[in-house]
Amino acid sequence: MAVIASIVVALAALLHAYIFVLESVRWSRPSTWRIFGVRSQEDADTLRPMAYNQGFYNLFLGLGAGLGLVLYWVGLTAAGSALVLFTTACMVLAATVLVTTGRGYLRPALIQGTLPLAGFVLFLFA
């Protein structure tokens, strides 16, 4: 069970790293900001500082989950489990907050929160 849980958590971490790339590295590309429902260059320019900052939050959560996995598998199981559970819980809570911002955010919240939720539950019982 720990192997499956780790794979799911690793996928959640990679997803959050990908979101970082979109929000903090590739935001200036119209194909990227349209993914987030931004309709104009002017709006993208206005939102750029927020997207940049938000991308780093996603990166740090992904790195935390990855570090937790490393700690877990090198024998520091308590510390690794705690870090994995904390970061995946934060990912799920961030997705929950996203849902509260409007009905149009349900799909992105499900994309952002499903893997971490599954990873959290699997890791909790591993």
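Which residues in α1 meet which residues in α4? In this predicted model, where local features need pLDDT of at least 70, side-chain atom pairs count only at pLDDT 80 or more, and totals for chains, interfaces and linings use all residues, Val-9, Ala-12, Ala-13 and His-16 in α1 meet Val-84, Thr-88 and Met-91 in α4, contact being heavy atoms within 4.5 Å. Residues are numbered from 1 along each chain as its sequence is written, and side-chain values use heavy atoms, with hydrogens and water left out. The contact of α1 with α4 divides into five nonpolar, two polar and no charged residues, where Ala, Val, Leu, Ile, Met, Phe, Trp, Tyr, Cys and Pro count as nonpolar, Asp, Glu, Lys and Arg as charged, and the others, Gly among them, as polar.

The axes of α1 and α4 are 11 Å apart, at an angle of about 50°; axes are lines fitted to C-alpha atoms, for helices over the stretch in contact, and angles run from 0 to 180 degrees between N-to-C directions. The two helices, α1 and α4, are therefore oblique to each other, since angles under 35 degrees count as roughly parallel, over 145 as roughly antiparallel, 65 to 115 as roughly perpendicular and the rest as oblique.

Helix α5 packs against both of these partners. With α1 the angle is about 155° and the axes are 8 Å apart, which makes α1 roughly antiparallel to α5. Their contact has 13 nonpolar, four polar and no charged residues. The axes of α4 and α5 come within 8 Å and cross at roughly 155°, so that α4 and α5 are likewise roughly antiparallel to each other. By class, the contact of α4 with α5 has 17 nonpolar, four polar and no charged residues.

The largest pocket has a volume of about 850 Å³; a pocket is an open set of points, on a 1 Å grid over the protein atoms alone, where a 1.4 Å probe fits, with protein on both sides within 12 Å along at least five of seven lines, and lining residues have an atom within 4 Å of a point. Of the 28 residues that line this pocket, the closest to its centre are Glu-23, Phe-36, Gln-54, Leu-98 and Gln-112. The helices α1 (2–25), α3 (41–73), α4 (77–100) and α5 (106–125) each supply at least two residues of the lining, helices being DSSP runs of H or I with at least four residues, numbered from the N terminus. Helix α3 gives the most, with seven residues.

Technical notes: Grid points are joined across faces, edges and corners, and a volume is the space filled by probe spheres set on the points.
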